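Let's take a walk through this structure together, one piece at a time. Have a look at it first, and then we'll begin with a helix.

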Amino acid sequence: MTSGPAPGPGPGPEELPSVAPQLRDLRRRAGLTLEAAAARARLSPAHLSRLETGRRQPSLPLLLGLARTYGTTVSELLGETPAVADPIVRAGGPGAREADGWTYWQAGGSGRGMQALRVHVPHGRSQGDLVRVHPGEEWLYVLGGRLRLHLAEAEYLLEPGDSAHFDSLTPHRIGAATQGGADLLFVHTLLQSSLAGLCLGGGASGAPAQHR
């Protein structure tokens, strides 16, 4: 009895670019040990080590999980070069978005590690004592009205022309101190973090998460 043709070879590792260098670089940029990164990705350290050394190629679901772990995209993991973004945001571009009374206008390009917004904070909508704590830095500049800024246990009253720059890991909350509300320019830069969706408005409404 003659045997049939041998089955063809399965998908080889050459079908996907090696992600090993990107995985190592992203983990080191995030300041994570192999064990800490593996725990976040719900992998064993040995499995992650094999991925980082190229001895094993990740499946697409695993690529998605690793991208979320490092706060990046599958394209970056695969070493793809993103298209050059338009550096100009024109007046009358993306319209205002509103969430719980706060109004946002895009003031910077999308898909960047730094997000710039123009924000109107209505009076009396500071959401009580709820604060935000997340990776990154924030800078804000008061355009009009007066703004009340809480940083940890300190409270500041900012006038038009005043600005603040602080680490977002400091518990923080802002609210308008004038009846007409306050207007500000707001810049937020995210570190590599799996919390990116919480800080950049990953909710169903599509509006940026509010900084209270």
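Start with the face of helix H1 that points away from its buried side: here sit the exposed residues Arg28 and Arg29. (Exposed means over 50% relative accessible area, buried under 20%, and partly exposed in between, using a 1.4 Å probe and protein chains only.) Helices are DSSP runs of H or I with at least four residues, strands are runs of E with at least two, and both are numbered from the N terminus. H1 covers residues 20-29, and its buried residues are Ala20, Leu23, Leu26 and Arg27. Those residues lie on the same side of H1 because they cover an arc of only 135° around the axis, going by the directions from the helix axis to the C-beta atoms. After H1 comes Gly31, with a positive phi near 70°.

Before we go on, keep in mind that this is a predicted model, where local features need pLDDT of at least 70, side-chain atom pairs count only at pLDDT 80 or more, and totals for chains, interfaces and linings use all residues. Residues are numbered from 1 along each chain as its sequence is written, and side-chain values use heavy atoms, with hydrogens and water left out.

Now hop over to strand E2 (residues 102-106), where you'll find Thr103. Is Thr103 buried or exposed? Thr103 is buried, with a relative accessible area of 14%. Setting aside neighbours within four places in sequence, its contacts (heavy atoms within 4.5 Å) include Ala96, Arg118 and His120.

Last stop: an open sheet of three strands, ordered E6-E5-E8 with antiparallel pairing. Strands E6 (154-158) and E8 (172-176) are at the edges with a single partner strand each, so one side of each has no neighbour in the sheet. Two strands pair if DSSP finds at least two bridges between them, and E5 (residues 147-151) is joined to E6 by five. In one of these, Leu149 has Tyr156 of E6 as its bridge partner.
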